[in-house]
Amino acid sequence: LSIDEQISLLESRGLCVEDREYARKMLSNVNFYHLGGGYWYPFYDKSKQDHFFYDDVHLSQIVRHFEFDDSLRILVFDAISRIEISVRTRFIYELATEYGPFPFKKENFVFKTESAWVKSYEKLLEDISHSKEEYIRHYKETYQEEIPPIWIMGELMTFGEISNWFDNFLPSYI
C-alpha cells in the first residue's frame, strides 16, 4: 500500500489520525509493520475482527510509545557499550598482567579443553586474516608474531570471543 493508503487503512480501522502530513512523515520513516507489531497492536480491540482499534485511539499516542521505546533503546545500548568496554579492558589487563603480551599461545594459556582452545585460536587467526583494521595491517607489516599482543587482539575480538576465552580458563585461574 502507498503511504496514503496505509493511513486510510488505519483510519478505516478506527485510528484517529489528527495530522495526515505528520502521519505521512512517520510512515515514510518507520515501517507500517514495525509500528503495527510492537506499537499499535496493543491498541487493537481484540473483540473485533480485522484489527480494529479501541475507541478514541490516536496516532500521537502510538508515536509516543514508539518514541519512548526508541529513547529507552538508546539508553540501554549506551549502557551495554560502556559495560562491554569495561569488561574488554579488564580482560585485556588481567591476561596481560598474568600471562604477558601473548596469552593466547598454547604454552601460555591454562585452559579447560584443548579442543576449545584450538577452536578459539583458529577464530583469532581468521579474524586477523579478514581484518581491514589499520592497526592489524600495520602489525602484520611490522612484526613477525602470528597473533598480535593482547592489547591489540582484545580490541579486535568480539564480546562473544572474549566470553569463549574466559569460559575456557581453568576455574583456579578465574
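**Helix packing and cores in a predicted model**

Lys46 is partly exposed, with a relative accessible area of 48%. Exposed would need over 50%, so at 48% Lys46 stays in the partly exposed class. The residue sits in the loop that joins helix H3, residues 32–40, to H4. If we set aside neighbours within four places in sequence, Lys46 has two tyrosines in contact, Tyr41 and Tyr54.

The loop between H3 and H4 also holds Asp56. Is Asp56 buried or exposed? Asp56 is exposed, and its relative accessible area is 56%. The backbone deserves a look here as well. Asp56 has a phi near 65°, which is a positive value in a residue other than glycine. As background, most residues other than glycine have a negative phi.

H1 covers residues 3–12, and H2 covers residues 20–29. Their axes lie 9 Å apart and the packing angle is about 115°. That makes H1 roughly perpendicular to H2, since the perpendicular class runs from 65 to 115 degrees. The crossing of H1 past H2 is right-handed. On the H1 side, the contact uses Ile3, Asp4, Gln6, Ile7, Ser8, Leu10 and Glu11. On the H2 side, Arg20, Ala23, Arg24, Leu27 and Ser28 take part. By class, this contact of H1 with H2 has five nonpolar, three polar and four charged residues.

Gln6 counts as buried, at 12% relative accessibility; the limit for buried is under 20%. Beyond its neighbours within four places in sequence, Gln6 is in contact with Leu1, Leu27 and Phe32.

Next, helix H8, residues 159–167, and its partners. Take H5 first, residues 114–130. H5 and H8 pack with their axes 10 Å apart, at an angle of about 150°. Angles over 145 degrees count as roughly antiparallel, and H5 and H8 are therefore roughly antiparallel to each other. Their crossing is left-handed. Which residues of H5 meet H8? They are Trp117, Ser120, Tyr121, Lys123, Leu124 and Asp127, and they meet Glu161, Asn164 and Trp165 in H8. The residues of this contact divide into four nonpolar, two polar and three charged.

The other partner is H4. The axes of H4 and H8 cross at roughly 45° and come within 11 Å. H4 and H8 are therefore oblique to each other. This crossing is left-handed too. From H4, the residues are Glu84, Val87, Arg88 and Phe91; from H8, they are Phe159, Ile162, Trp165 and Phe166. Six of the residues in the contact of H4 with H8 are nonpolar, none are polar and two are charged. Trp165 has a part in the contact with H5 and in the contact with H4.

As a general matter, nonpolar side chains in soluble globular proteins tend to be buried together. In this model, the largest nonpolar core has 22 residues, and the members that touch the most others are Phe91, Phe104, Met153, Met157 and Trp165. Which helices supply at least two residues each to this core? They are H4 (59–99), H5, H6 (134–142), H7 (150–156) and H8. Met153 touches Phe104, Leu124, Ile128, Ile147 and Pro148, not counting residues up to four places away in sequence. There is also a second, separate core of 20 residues, with Leu27, Phe32, Phe43 and Phe66 among them.

Pro148 lies in the loop between H6 and H7. Pro148 is in a loop, but with a relative accessible area of 3% Pro148 is buried. Its contacts, leaving aside neighbours within four places in sequence, are Phe102, Ile128, Ile136, Tyr139 and Met153. How far is Pro148 from Asp56, between C-alpha atoms? The separation is 62 Å, and the two residues are 92 residues apart along the chain. For contrast in accessibility, Pro148 is buried, whereas Asp56 is exposed.

Methods
Residues numbered from 1 in each chain as written. Predicted model: local features only at pLDDT ≥ 70, side-chain atom pairs only at ≥ 80, totals over all residues. Heavy atoms only, no water. Axes fitted to C-alpha atoms, helices over the stretch in contact; angles between N-to-C directions. Helix = DSSP H or I, 4+ residues; strand = E, 2+ residues; numbered from the N terminus. Parallel < 35°, antiparallel > 145°, perpendicular 65-115°, else oblique. Left-handed = near helix turned anticlockwise from the far one by under 90°. Contact = heavy atoms within 4.5 Å. Nonpolar A, V, L, I, M, F, W, Y, C, P; charged D, E, K, R; others polar. Core = buried A, V, L, I, M, F, W, Y, C linked by side-chain atoms within 4.5 Å. Buried < 20%, exposed > 50% of the residue type's maximum accessible area, 1.4 Å probe, protein only.
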